[in-house]
Amino acid sequence: MTQSVRFLKKKKATLSIVTLKISVVSVLVLLLFLFSFSPVLAADSPDLIFVNSANWEDVYSSLLYGSLTHTKVIFFFFFSQTNLLLNTLGQSVSSVLLVESDTRLSPSVSKILDSLGYQVTLVDDEDVSLYFANLLDADSYVVVDKNFPSNGLSVASFAAASQSWVFFEAGSAIDPARYDLLRGKEVISYGAVSPSLLRQIVPKRTIDEGNRYKNSVSLAKLFLSEFPTKQYVLTQGDFLEEEMFVGSFPVLIVGVSSTPKPIEDFFIDSSVESAVVVGQASVPPSISLKRLLESSYNRNLKLVAKLGQTSPDTQNDEIIPLNTFPLPSPKISLSIDDLSYNQITRQLEVRFSNDGDVSVTYAPLVTLVNNGQTTVLEPEQDFFVLERSESRTLQFPVELSPQDELSATVTTVFGESEDAFDESLTKTFDSVPFIRIADESSIIVQKISYSMDEQVFFVTVKNNGSVPAYVDIDLLDIIVGGEPQSFSSPRAVSVPSQQTVTVVIYGILSSADLLANPVISYTAHYGQRSFALIKTLSGDLSLDRYSTLSDFLDNTGILVGVSAAIIFAVLLFLLFRKKGTFVCLQCGASSKGKKKRCPSCGFGRFKRQ
């Protein structure tokens, strides 16, 4: 009995050892399998990614890939940085992935790395982003509007945290090789991605709030819902830096000279306790935000400024500037050109010009000093929009005399939209010149229509006055995707006296958007001088729609389907009906199908047999 028990115990122990050995072997085999097929865990992953490219997308993709694979990334923007950055390699680095482009910054990096004995793998693909994406084969992607690269900064941290890859797109269609990676995956679109591209990629979520600050807030809320934290990263949004790719905190874009309202509102409503401020230019708006929270909401926001880094030279402890890479961004610029008083209209006229690359929204006021008395003049509208290369004169009603001792200071905040005023401008005029100019222009806005095919508004304007006129049209509070947006003509259009012109305004609306906007509100700014559209005309008009066939099918698919079926049936009947036999009434000859004249006698009357 005892021997049997011992035998069973021994057998059981033997089975346990065998099972343990099999389990260990299975784990080892599984690990080898993963290391063999996963690019992120592959044994031949580089120790370092070195970016020698003037292309910001190459730098962005390298930083994101480095974050996702926990690989150190270094890059430089000036050739003089070459020797400095090569000092950071160290003895722990043996393999280097060198990313170069046609616009490489230094022609000698590859040779230097080879001479130092590093194992170098060169990546000179035309599409570096696609190269890294193929290595990762991520389960989720973010497609970003390439026209505003700063959008990618807020996305970078979220992508790193969610293990997503980022593609920048500017056209109406995505590259087939990129599309192959997106198919069947979870996709988020960010920014003003074209509607045709959206239809192609079918994103699970679309983030396009109208400006980069609102977009930044929307993505930060998504980040916090999935990765809660009470610390944020603040940046001005015009450069790349490794802090933005860490993936631990959401990245928010702050203003240039002031904090935009969407950012302020987000901080007021959030439970943030601290923020890392990256870059010297980001400090003033961040401090302004901190003071707002302290003074108005009794909340303390701890700010940590990241303004420099320790020198990579181990024998030198000096602090050197951050290693940043500049991002191209559309120039937003406004100038105050001229100020004068028109004695005929009794209006103070101030002319503004848009010197930037995109439209600008501004809200001005004038501080007038008249014989020592100060008066603040405000326009009737809350804000105005100037398209690229456009000038406009605003009027402020006030009673002045040439004998008055006058000076004026014009101040305006401006930005890419009315809730994104992140810059300010001030200009002082030591005197106020007087002019006498009458404006006899007169116009009528007759019709507003929209073409789905062209994706434009057509506004019909008639000059019913006796002098030529210039007109600029704003279409206000049009509901697009459930949110109000405004659209403007790109420049002032000349309208000869007693003539009619069509003003074209670009704007992308869907069929649902058209149904949501049966009536369009407009404001026409016009005048005799192209730079002084001092008159306004506002009103509402019904929207006439010009639809494409696809749009028509979307709205009347059943009717069209039934009509098409009937037409098809009639065509089949006419095509395949039996021809029958006809007999000539004069000679009695028969023929298949009715003829104009009998083939036998030439008579022209028949009867059906």
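Modeller: Happy to! Let's begin with a pairing: strand β1 runs parallel to strand β2 (residues 72-75), and four bridges join them. Within this pairing, Ile49 has Val73 of β2 as its bridge partner. Strands here are DSSP runs of E with at least two residues, helices are runs of H or I with at least four, and both are numbered from the N terminus; two strands pair if DSSP finds at least two bridges between them.

A word on the background: this is a predicted model, so local features need pLDDT of at least 70 and side-chain atom pairs count only at pLDDT 80 or more, while totals for chains, interfaces and linings use all residues. Residues are numbered from 1 along each chain as its sequence is written, and side-chain values use heavy atoms, with hydrogens and water left out.

Back to β1, which also has a parallel partner in strand β3 (residues 95-100), joined to it by five bridges. There, Val51 stands opposite Val99 of β3.

Now the side chains. β1 spans residues 48-52 and is mostly covered, with five of its five residues buried (under 20% relative accessible area with a 1.4 Å probe, protein chains only; exposed is over 50%, partly exposed in between). Leu48, Phe50 and Asn52 point one way from the strand, Ile49 and Val51 the other way.
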